[in-house]
Amino acid sequence: MPVASAQETASVNGYISDSLTGETLILANVALVEMNRGASTNTSGYFTITNIPPGTYTLAASYIGYRRSDIEITLEAGQNLRMDIKLTPEGVQLDALVVTAEVDEEEIRNIGTAQIATQLITDLPSVIEPDVFRSVQLLPGVKAASDFSSGLYVRGGSPDQTLILLDETTVYNPTHFFGFFSTFNPDAVKDVRLYKGGYPAKFGGRIGSVLSVYNKDGNRVEPQGSVSLGLLASRASIEGPFQRGSWMLAVRRSTLEPLLAILRQSVDGVPSKFYFYDINGKLNFDASQNDRFSLAFYSGNDSVTIPFQDDALINLKYGNQTVTTQWRRIFNDQLFGFFTLTGSRYFNQPTFEIAGTPFERDNDILDFSFKGDLEYIPNERHTLSLGVWGGNIQLRFKDQFDNQTTFNNRIRSQYLSAYVQDEWKPTEKWVFNGGIRLNSFSEGNYTRLEPRLSAEFRPNNRLRFQTAYGRYNQYLSLISNEAFSGFDLWLTSDEGVPPSYGDQFVVGVKTIPIPDYGFDVEIYYRTMRDLFELDPFISDPAGLDYNELFRFGDGYAYGLELFFEKQKGPLTGFVGYTYGITRRKFPGFNAPVLDDPTKARFYPPKYDRTHDLNIVSSYKLSTRWSVNAVFSYATGQAYTEPLGRTQFNGIPWDGGSRNAFVIGNINGSRLPSYHRLDISFSRFGSFFQIGDAEWQIQIINVYSRRNVWFYNYDFDENPVERTDVNLLPIIPSISYTVNF
């Protein structure tokens, strides 16, 4: 069949949004039914279909939880039809627990990618607050370190190997309450998307994964708001339109102070000050039909004062601030652009005072950057993407003891990345995505090239075979404290400290075995090279050069992920299972010979869990009541077991005694298996006819499984006594939310 020239063909493009709020919908699907040609909206909710022969067609738009829209359009030769489509939410859209899209060919997940519905985040039983990271941890391939950590351990990687973006801006420590939950307020969140591995050339800077979070734009139709009151934290949000745009403001604050005041009367060591807060805001302005501007900001802070013993005090203060300014431009029916200015600050300033002697630490990151991204669609076979990301990062690490500086280092570096990728559809059954990313980091003068490639075969609408490969580099490393995130420390590459790098290989099969059900299988393998961390065998860093502070190691991870979900009906939910292995190797750990500490063997890090199972379900009991449940099981964490103690008496220099401890292999033992069941009941009603209301009653750890966090050893006893330090007991909770 002859191919029509560009002058003879037409195109259709526009935004897809929610008819009730005006919020654009990311990765909504649009198709010309008669041609079996379609596209998905980008992160701005924009789509375009080009090279369409003149004629009359049915333009179908769909998105999970919304009624499908079918619009008849007539296209003439050379016409560029602008068609902004508004989708109406289904009456049952609040009842579905969904991590992906509908049962339609274009809505099967891409390899290594998962989308988290914001309603899932607020519906699930949660300790203290609904939490983005806690919901993400339920996905296959994502592990939780403990009940007290919201850190993301994705496919064998540590939390610093996940790039976390809020409205395209890097967030360096997105946790509250010692890492108990994340800084993302669910009332402000519009979309959460996790790229677990094998992700395309658009993203870089981490060797593991990417979590991209977008805040709401704000209701473009009418003002609305919500207030949620909880026992330990409360939140409120308000949003609305103005003549040429929209706005949104959301706040959240802990309400722990009354409880702490009561506990102080009878319990030692209770914080004398403890609060945290979040503020999210966004302003959107439509300068024209083709130009949209937005300004988004976030600020969060934790402040804690903990007295212990009679003359000791701990002060913790840490947090993040981000700001994002973006211009989105439709140049023509084939070219779309994003231009973004970002600013991010992370600060961590713990202070210890013992017997009047202070110890202070100051770890700060300032990161300012510019991003430019272009999407070009020359024809129905190719989608070209290219962009740059450049900026300046400043990192400071300073220690003071008794008002004297013991270590002080400041690093400033410029970074620049450029990428190009092409999604090529040679036939209706094959899709290839190839790209390359170039990174440079001025401190140390490092330049790295990262090839990316993925392929997908679609034998029919219900089956996809997928595979992906990528090389990734990382210039930052997080030295994380296992107790809580208040002591986290970011360090960076420099001369003599090369960036970490690794390769990822992923193979997957995505199916829809029967309507409304999905079943996915993915197998992954990844390497981790030149991992750098502070050398634990250095007792005094004073006088050492920066590169002398580190030790370097390697790692690998592989695993199998299974995901089965039911997407519609009164009973919905999913089952996710992961078989995963991850290992690390650093000099001096598990050395095969005692006289050569440079040798080492691979060992499992603490967050290695061979088996991980999560079952999530929701059942609509009636128009007013629903119940949600989450069951989790995981292999016990690895730990290092003390094997014995030897006491040496008559030390020559002081005549005293010293203890020497004998330990087993690093993380050579396992804690008991972890399992827990959480249930929540929701009752829907109204608040004096002002708005909709919801009571949520939760029971965390229903059968009060006392999972072991770690073991505590008392070496003053003979024989040595071991006691269990447990995680959360059974916890009831109640919250009340009003939407107006």
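Residues are numbered from 1 along each chain as its sequence is written, and side-chain values use heavy atoms, with hydrogens and water left out. Because the model is predicted, local features need pLDDT of at least 70 and side-chain atom pairs count only at pLDDT 80 or more, while totals for chains, interfaces and linings use all residues.

Strands here are DSSP runs of E with at least two residues, numbered from the N terminus, and two of them pair if DSSP finds at least two bridges between them. As a reminder, the strands of a sheet pair through backbone hydrogen bonds, in either a parallel or an antiparallel sense. Leu32 has Leu59 of β5 as its bridge partner.

A second open sheet holds five strands in the order β9-β16-β17-β12-β13, and here the pairing is mixed. The edge positions belong to β9 (113–116) and β13 (169–170), each pairing on one side only. Six bridges connect β16 (residues 189–195) with β17 (residues 209–215) in the antiparallel sense, and Val189 finds its bridge partner in Asn215 of β17.

Strand β39 (residues 625–634) pairs with β44 (residues 674–687) in the antiparallel sense over 10 bridges, with Ser632 standing opposite Arg676 in β44. Nine bridges then join β44 to β45 (residues 691–700), again with the strands running antiparallel; Ser686 has Asp692 of β45 as its bridge partner. These two strands, β44 and β45, form a hairpin with three residues between them, and Phe688 in the turn shows a positive phi of about 50°. Another hairpin joins β46 to β47 through six residues. In this case β46 (residues 708–714) and β47 (residues 721–726) pair in the antiparallel sense over six bridges, and the bridge partner of Tyr711 is Asp724 in β47.

Attention now turns to the aromatic residues. Across the whole structure, 34 aromatic pairs are found; rings of Phe, Tyr and Trp (its six-membered ring) pair if their centres lie within 6.5 Å, and planes under 30 degrees apart count as stacked, over 60 as edge-to-face and the rest as tilted. The rings of Phe457 and Phe465 lie 6.5 Å apart at their centres with their planes at 20°, so this pair is stacked. Relative accessibility is 24% for Phe457, which therefore counts as partly exposed, and 38% for Phe465, which therefore also counts as partly exposed; the class lies between buried (under 20% relative accessible area) and exposed (over 50%), using a 1.4 Å probe and protein chains only. Phe563 and Phe574, by contrast, form a tilted pair, with 5.2 Å from centre to centre and 35° between the planes. This pair links distant parts of the chain, with Phe563 in β36 (residues 550–566) and Phe574 in β37 (residues 571–585), 11 residues apart. Both Phe563 and Phe574 are buried; for Phe574 the relative accessibility is 3%. The C-alpha atom of Phe574 is separated by 9.7 Å from that of Leu138, which is 436 residues away along the chain.

Finally, the surface carries a nonpolar patch of about 770 Å², made by Ile238, Phe242, Leu249, Val251, Leu283, Phe285, Phe293, Leu295, Phe297 and Val323. Two or more patch residues come from each of β19 (233–242), β20 (245–254), β21 (273–286) and β22 (291–308). The largest share, three residues, is given by β22. Leu295 is found in this strand, β22, and counts as partly exposed because its relative accessibility is 39%. Patches are made of residues with over 30% relative accessible area and no salt bridge, with like charges joined within 9 Å and nonpolar side chains (Val, Leu, Ile, Met, Phe, Trp, Tyr) within 5 Å. A salt bridge is a side-chain nitrogen of Lys or Arg within 4 Å of a carboxyl oxygen of Asp or Glu, and accessible areas come from the Shrake-Rupley method with a 1.4 Å probe, where for residues only the protein chains shown count as cover.

Definitions and conventions. Helix = DSSP H or I, 4+ residues; strand = E, 2+ residues; numbered from the N terminus.
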